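Colleague: I'd like a close look at just one part of this model, please. Pick a sheet with the helices around it and talk me through it slowly.

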Amino acid sequence: MKLLQIDTTLPVASGLLDQGSIWMVKIKDMALAYAPKVLGAILVYLIGQWLIGRIGAIIKKMLSNKNFDVSLQKFLVSIVKVTLTILMFLAIIGMLGVNITSFAALLAGAGLAIGAALNGSLGNLAGGVMLMVFKPFKVGDLIEAQDSLGLVTEIGIFNTTILSPENKTVILPNGALSTGVITNYNTHGNLRVDLKMAISVNQNIDQAREVAIGAMKQHAMVLAEPTPEVSVLEVADGMTTLAIRPYTTQDNYWTVYFEVQELVKKAFDSNNIEGPIPHNVIVNRSNN
């Protein structure tokens with residue numbers, strides 16, 4: 001007697017085929033639904049990248065035409081490009097159907113956290129931008145600011161570096177520098193060297209002035225125009241204090257500062273112009 005054999009694989013295979021068909025239909029529907037969005041996102045990305053590059057080039061050209069600092073040009077162009085790139089990616093994510101509210105909240109929170117952590121640095125950054133835009137000084141100028149005097153060697157985004165007369169490098173934070181008092185000795189193209197020299201109160205002031213001006217004109221680094229000046233600064237304590245004021249260029253400032261004093265002192269000695277004589281006043285109080 002033969003036993004009837006039932007093939008149980010047919011329903012299983014049929015079920016697998018049905019499941020496969022369902023998944024194929026789902027994939028096809030998803031492809032049809034998301035393909036336009038994906039293609040649109042790719043198109044937006046390509047066009048966005050091209051536009052961001054063009055906008056950056058236009059801004060760079062505008063800043064260059066207005067003679068903005070090179071480092072400031074790069075910084076501002078980078079800020080614009082990063083901002084536009086973030087906006088572009090948010091737009092692409094929105095096109096793909098993702099809720100961008102959470103991303104916006106995340107960016108806002110990150111911005112607040114970074115701002116709090118970099119409070120001082122952001123102040124220096126803003127100060128650097130202000131210095132580069134308004135240009136109260138440039139590299140090579142002799143300035144006095146934040147209780148420091150020296151030649152400007154570098155203007156950075158966060159700090160400004162100057163070289164002091166003692167050959168010391170001083171780094172000034174741009175935040176405090178941009179809001180403080182800045183004395184620029186190079187604004188008018190030449191510098192006045194302010195010196196003080198005292199003579200005896202009994203000496204003839206006109207003679208001392210003539211001798212001092214003659215000595216200053218002998219120095220090769222003292223400018224003929226403006227003419228060197230000698231003025232009475234103070235008469236007190238048994239002496240006459242004279243303001244000796246030669247003019248020179250920035251590069252020769254310190255040479256003139258030291259050498260002119262020596263020249264004037266030697267000229268005073270040669271012409272018998274005496275310096276102040278220290279004296280003490282003794283008051284004798286007797287008790288009767």
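Modeller: First, a word on confidence: pLDDT is the predictor's confidence in each residue, on a scale from 0 to 100. The mean pLDDT of the protein chain is 80, and 76% of its residues reach 70 or more. Confidence is highest in α6, at 93, and lowest in helix α3 (residues 101-117), at a mean of 64. Helices (H or I, at least four residues) and strands (E, at least two) are DSSP runs, numbered from the N terminus. This is a predicted model, so local features need pLDDT of at least 70 and side-chain atom pairs count only at pLDDT 80 or more, while totals for chains, interfaces and linings use all residues. Residues are numbered from 1 along each chain as its sequence is written, and side-chain values use heavy atoms, with hydrogens and water left out.

Now the sheet. Three strands make an open, antiparallel sheet in the order β7-β9-β8, where two strands pair if DSSP finds at least two bridges between them. β7 and β8 (229-236) are the edge strands, each pairing on one side only. Direction ignored, neighbouring strands are turned by 30° against each other on average. β8 and β9 run antiparallel and are joined by seven bridges; glutamate 229, for one, has arginine 245 in β9 as its bridge partner.

Two helices pack here. α6 touches β7, β8 and β9, and its direction makes about 140° with that of β8. α7 touches β7 and β9, and its direction makes about 15° with that of β7. Contact means heavy atoms within 4.5 Å; axes are lines fitted to C-alpha atoms, for helices over the stretch in contact, with angles from 0 to 180 degrees between N-to-C directions.

Stay with α7. Its 18 residues (253-270) should span 26 Å at 1.5 Å a residue, and its end C-alpha atoms are 26 Å apart, which agrees; the expected span is 1.5 Å times one less than the number of residues. Tyr253, Val256, Val260, Val264, Ala267 and Phe268 are buried in α7, where buried means under 20% relative accessible area, exposed over 50% and partly exposed in between (1.4 Å probe, protein chains only). Their cover includes β6 (191-192), β7 (195-200), α6 (205-217), β9 (239-245) and β10 (247-248). After α7 comes asparagine 272, with a positive phi near 55°.

Last, lysine 217 in helix α6. Lysine 217 is exposed, with a relative accessible area of 55%. Leaving aside neighbours within four places in sequence, lysine 217 contacts Thr227 and Pro228.
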